[in-house]
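Reader: I am new to protein models and would like to learn how to read one. Could you take me through this example step by step?

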Amino acid sequence: MLRQSEIAQPDSVLNQFRLGDLDAFESLFREHQRSVYGWILRIVRDPAAAEDLTVETFWRIHRAHDRFESARPFEPWVRRIATRAALDWLRARRPESELTDQDVADLPSKSALDPGIAAEIRLKTAQAFTRLPPNLRIAAVLSVIEEQPHKEVAAALGISVGAVKLRVFRAIRLLRKDLESRGITP
Amino acid sequence: MKKHDENRIKQILQQALPPVDSACEPARDLWPAVLRRLDESEAPLSATAGSVPRAVPWPRTVPWFDWALLAVLIVFAVSFPATIPVFLYYL
């Protein structure tokens, strides 16, 4: 996702984008649409919301075109805007206690489920996870579930690596307490 | 929290919310939606561009402080009617 080495943007396109050129913006959109969508989907875990947030992200990118520093790489800047949009969405949304096992199963996943872990525990854990504060949830989903390097998570969230580790630790601790309060001892 | 417990929670979490397949992509082309969003945000600006600025409309709601001040004045006027000419003189 959004690897800096993957795509090298021609300077002219970035300069044109910075000046507000719509064709340059479309070119950048075509280049990054998929990676932005994938990054957001990892955070919000809802394909329809990820599509809406991809649109929102590119709208924010266009709005901020004159603040983009063309000397800096484009991808991390885009990822940060996408992460902010996803975080805003998580904050605006009520915790989903009604999350079902089907919702979890509907997501395009790359790993098989462990039959050693009961479906009920999986569902209760998923529900408890949605009750975490959004800033902890986003750090945990990227670091623990998606196994993104702490450095990349820190850059996307605009915080230090130490702060990412602290948020992940707090998320895991809160999750454990929540599960224990509901009679589930991991 | 012990390291073992932490790892166990992480393992369960990964099972509860499996990692998303990185090869996934949007089900539709999102560019038309981006253009619509841009149009929506620019429409109010272009609609007012070049037109004469409109007068500021009368506020539909009056701040609570104004109502309180009016109430105090009425109570004062009812309690001390002799002061009304003095007030009017200084207005």
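Author: Read along the sequence, chain A follows the pattern α-α-α-α-α-α-α-α-α, with nine helices and zero strands. Helices (H or I, at least four residues) and strands (E, at least two) are DSSP runs, numbered from the N terminus. This is a predicted model, in which local features need pLDDT of at least 70 and side-chain atom pairs count only at pLDDT 80 or more, while totals for chains, interfaces and linings use all residues. Residues are numbered from 1 along each chain as its sequence is written, and chains are lettered from A and ligands numbered from 1 in the order in which they are written.

Reader: How many helices and strands are there in chain B?

Author: Chain B has four helices and zero strands, and its elements run α-α-α-α from the N terminus on.

Reader: What pLDDT does chain B average?

Author: First the idea: pLDDT is the predictor's confidence in each residue, from 0 to 100. Chain B averages 78, and 77% of its residues score at least 70. Among the elements of chain B, the lowest mean pLDDT (77) belongs to helix 2 (residues 31–48) of chain B, and the highest (89) to helix 3 (residues 64–79) of chain B. Over residues 45–57 of chain B the pLDDT is below 50, and this stretch has zero contacts in the model beyond near neighbours in sequence. Two residues are in contact if their C-beta atoms, placed from the backbone, lie within 7 Å. Where pLDDT is low, the predicted coordinates should not be read in detail. For the complex, the predictor gives an ipTM of 0.74 and a pTM of 0.71.

Reader: How many residues does the contact take from chain A and from chain B?

Author: The contact takes 40 residues from chain A and 28 residues from chain B. On the side of chain A that touches chain B, helix 2 of chain A gives the largest share, eight residues. By class, that side of chain A has 21 nonpolar, seven polar and 12 charged residues. Here Ala, Val, Leu, Ile, Met, Phe, Trp, Tyr, Cys and Pro count as nonpolar, Asp, Glu, Lys and Arg as charged, and the others, Gly among them, as polar.

Reader: Which domains does the domain assignment of chain A give?

Author: Domain bounds come from an automatic or database domain assignment. For chain A it gives domain 1 (11–92) and domain 2 (101–181). The contact between them takes 10 residues from domain 1 of chain A and 11 residues from domain 2 of chain A. Helix 4 of chain A supplies seven residues, the largest share of the side of domain 1 that touches domain 2.

Reader: Which residues have the most contacts inside the largest nonpolar core?

Author: In soluble globular proteins, nonpolar side chains tend to be buried together. A residue is buried if 20 or more other C-beta atoms lie within 10 Å of its own, exposed if 12 or fewer, and partly exposed in between, with C-beta atoms placed from the backbone. A nonpolar core is a set of buried Ala, Val, Leu, Ile, Met, Phe, Trp, Tyr and Cys residues joined through C-beta atoms within 7 Å. The largest nonpolar core has 55 residues, and those with the most contacts inside it are A:Ile40, A:Ala139, A:Leu175 and B:Leu13. Helix 2 of chain A gives the largest share of this core, 11 residues. Domain 1 and domain 2 of chain A both give residues to this core, so it lies between them.

Reader: Which residues does A:Leu175 touch?

Author: Not counting residues up to four places away in sequence, A:Leu175 touches A:Ala128, A:Phe129, A:Leu132, B:Ile9 and B:Leu13.
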